[in-house]
Amino acid sequence: MGREFRSLFFDSYRNVPRLPKEDSTKSTLRSGPTQSSSQSSGLGSREETAGAFNRQMGGLKSLSRCPDELQLDAFVFKDFPVSVRGVILVSVEELPERFRSMFGFPLFNAVQSKCFQSVFNTNDNLVLAAPTGSGKTVVLELAICRLVHCFKDERFKVVYQAPTKSLCSERFRDWNRKFDKLGLQCAELTGDTDHASLRGIQHSHIIITTPEKWDSMTRKWKDHARLMQLVKLFLIDEVHILKEARGATLEAVVSRMKTIGSSVRFIALSATVPNSQDLAIWLGRDAANQQLPARREHFGEEFRPVQLQKFVYGYQSAGNDFAFDKLCGTRLPDVLSAHSCKKPVMIFCSTRNSSVATAKDLARLWTSTNPPARLWKGPSKHVEVHHVDLRSVAFHHAGLDPADRHTVETGFLQGDISIICCTSTLAVGVNLPCHLVIIKNTVGWQEGGCKEYSDLEMMQMLGRAGRPQFDDSATAVILTRKQRVDHYERLVSGTESIESCLHMNLIDHLNAEIGLGNVTSIDSAIRWLAGTFLFVRLRRNPAHYNLREGSNNQDHEDEMLRQICEKDIKLLEDTGLIASGDTLVKATPFGDAMARYYVRFETMKTLLSLREHARISEMLSAIAEAEEFREIRLKAGEKSLYKELNRAHGIRFPIKVDVALPAHKISLLIQSELGAVDFPDSEQFQKHKFSFQQDKVFVFSHINRLIRCVVDCQISSQDSLAVRNSLELARSFAARVWDNSPLQMKQIDQIGIVTVRKLAAAGIASIEMLESTEPHRIEMILSKNPPFGIKLLARLNEFPKLRVTTKMIGKNMKAGSPVQIKFKAEVAFMNEQPPSFFQRRPVYVCFLAETSDGRMVDFRRISASKLQAGHEVLLNAELNNASEYICCYAMCDDIAGTLRYAEVHHDLPASAFPFSRTGQIVDKEDRPQMNTSRPRSSDMATHRKRSLKEAEAFDGDDLVFDDFATAGLTTLSRYTAFNFPLTYSTARDSNWIQIDDSSTSISSPTRALNPPRTDSNKRQDDNVDHRDDESEQTRLENGKWACNHKCKDKTVCKHFCCRDGLDKPPKQSKKRHLSGQLTLPASITKKNEHEAYPIGQPASQRSPSQSGGSSLATEVTVQ
């Protein structure tokens, strides 16, 4: 062994190492056969960098530790250079001492060593293209060390971008531990980041994020200008995603950072691609030398730590993706026979069901085959799992029990399991290398359907092949359709060029740049476009983009860019998103909203098409048609499910035409969540339950920003009625319950849908009503033991309770001018301790002032922290005639059930309005509840009476609510409940629902109730007049019907029918007259107006919407 060591020693000195294959393998095995790369390397990368180093060193590290040899490794590394493939390896000793402990090895590998000079000793931008597993992440860590070394005590921030949240999470866990030694804090910024973590970004040095999230941040960079100026290093992982649809965002972000960050350094990592030079041209050498390309290092497949053999097999099939998946399953035995070598195998399947089915098929194959002929090793010991189908072949997917997932992962790492059938999620985040990877079908289940894997996903799955601790080679096999073979052969061979996708949604990004001020004219738009990767590729491969024809001269390129910019700017201007003068272009408030909320151009056109005084149903319709949901389809098998949901009582805006469009599905998904509609329990629908939940999660990940965009647009239009409706819808979306419904109580911790139903059936239909209820009554209703009621009421103290008071303080009646009213409005919390946070989110309060004819006077958004002592607003409003007045509203953002309002009246005679114009006065009946207060009562009889008269209750398991845009309809009495006719509107391109309401004056609604929806009794369009009649048919909690007796307290009454109820509904009173009579669920009763309002409040100030629960404010000042 001594001779072998000396031979290796001098070969290394001569830069011509001889690395015997057998000795290299043996030395690696001695270093720990079960040790993963994340444990052994210390490199902080997801690639197998430890194995790469050991293989390149040919076991030198292990041999130097043999007891019969001198410990010469430090001497060797210090005085004698070691080279691999002509690259002299750099010692960690070259780094300043404070950084050496970060790297748990003596030498950088060949890829890292080749980049060391450019990364650590210069500030130039760098593009590194190298195969998976070559240790590229260490290069990023060296760049961070360089920044720390140069800036010392100065403030700076590093941005690391990865294409997926899972990669970001992996990098965060690794770097948070590693860079803590240097006193650097890491923060993760993705779509899953909560507000508390978001605030931590201000104090963090390294921000780990996705392109989409950083794009959203930088679109508001003026709000974060100080943060942006601190960014000194921008790290881009997997930059080759530029060729995918998501790559347009990355391209726009990098181009933007080049503009707003004058001294930002860029380091980009890529898989092996043939046109990495184009990436270098795009990034430029540095901020001062953009005309020079960035430094570029390109490494071929020979630098893989484990050599990878790749095979692509194509099969002809005319069947759908599921049929083709079965065909691929039949080919697995042949593939395993040819390539497995009885070593660990990982088979990636398109769906969860496919992974389970494939595992079962292979288990049967293994059982039915004679032991000598078996294609893989059986389990070396019994694996304890809960799932009955986990046998000799394991499967792994996100739906598997966590304990079973951990058992499968551990068993595979330790060699107890030889083969795993899994989904693509296993390719990221879990370090399970294997000898053979098989991608069985190149489509995966994504967003409700089978779609082709992205190139990034394919490379991640292929990257699982190769175990540096055990093998010097690995195999990857792709099974695909015959027509896709060429594409995947180019991909695995590294000959697939990176192209830009920016042209696919260029108009969205151009609008964002105009809003940021980076583009102010056609010429500046041309300069911005010339700085993108799209322009670099346009010059190299114009045929790919179909954007130009002709020669390659400079004049033609400038003209081509000008035509592109002029076309998109014209579209933006025609839509009202920008305004252009003679030479300058500037974003309008609508364009700013589009950029701020990350809304697509086609969606913005739909939102801007909303009519004046748009109703909530119309806004919901527009949002359901958003381009952001284009991936959601209404599949034929789902139609019966959504038709069933459309009949549910909790659907406030049912589809009045055949449920046949994706927009119909999206609307029902939203409404089923807001109305707490139970998923149908019929067996035929259960197969759609998982996709139903997935689609709902996807929809709710977008709708909050879409409705925020609607709010901003309506504010810019000064349409106060539409602003009010959009704010109500925004509160509903954020709270995931209808704003003014009993479901608002779900916002309180430990109150679920079952609790809400019990409370509502007992007459407690809002948070305010719940707070006014005695603890012992709450415990009795919910069948809880003390002190449950006291604890629940204590939690209610944290719920934000607003009040708004108004006062007229002056008037201006100059001759020949309209009348000006001066008034004061004060907004404050009624909580003993004003809440700054609710459910771990900051509280913001919106204030809106309008005239009674729908003209907006003022809107502002105030942080709750500024309302600790109240907030006073002084305003002027112009009135057109003597009947007009002013309304002021206060509400919490994102919290349902918080709307309060007050009115300002005047006593001016009609003669004071010489320029009187008749405006459209919003009926007081349509106003939301004003500030009221109701003391908690201990009279149980009063509570029982309120339960029969006030409750906006439930019928069985379904919510029963109706349309709430009631303006313009004739009120039959103060006790009238309406069931509005719904008609199909042809105003929009798609079939949709609209409320048949000729009035366009909409205010915060009165809640009406839907009739039961059955096959024999469809939704009817007749208005139902529920007179003030004690004989209302009411269903009790036990399912029986309330009698017609008018006993004061039926809970202690001697009548059995009063206490226990009737088996059949009682006969209706003859006093009740109905036209087109409908029978409402008996648990839904009219409301007792005298119970719902403070004594002494004039009837003229009461509205039906107040019956949903009283407010908590103590004063309404109307002058």
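Two residues are in contact here when they have heavy atoms within 4.5 Å of each other. Keep that in mind as you look around this predicted model. The protein chain averages a pLDDT of 76, and 73% of the residues score at least 70.

**A buried charge: Asp 508**
- You'll find Asp 508 in helix H21, which covers residues 506-516.
- Setting aside neighbours within four places in sequence, Asp 508 touches Arg 219, Met 594, Arg 600 and Phe 601, all by contact.
- Asp 508 is buried but has no salt bridge.

- As background, most residues other than glycine have a negative phi, and most peptide bonds are trans.
- Pro 786 and Pro 787 are joined by a cis peptide bond, with omega at about 5 degrees. Pro 787 sits in the loop between helix H36 (775-782) and helix H37 (788-796).
- Ala 676 isn't a glycine, yet has a positive phi of about 55 degrees. Its place is the loop between helix H30 (662-674) and helix H31 (689-700), and Ala 676 is buried, at 11% relative accessible area.
- Asp 894, not a glycine either, has a positive phi of about 70 degrees. This residue lies in the loop between strand E27 (886-892) and strand E28 (900-904), and Asp 894 is partly exposed, with a relative accessible area of 24%.

Definitions and conventions: Residues numbered from 1 in each chain as written. Predicted model: local features only at pLDDT ≥ 70, side-chain atom pairs only at ≥ 80, totals over all residues. Heavy atoms only, no water. Helix = DSSP H or I, 4+ residues; strand = E, 2+ residues; numbered from the N terminus. Buried < 20%, exposed > 50% of the residue type's maximum accessible area, 1.4 Å probe, protein only. Lys, Arg positive; Asp, Glu negative; His and termini not counted. Salt bridge = Lys/Arg side-chain N within 4 Å of Asp/Glu carboxyl O. pLDDT = per-residue confidence, 0-100.
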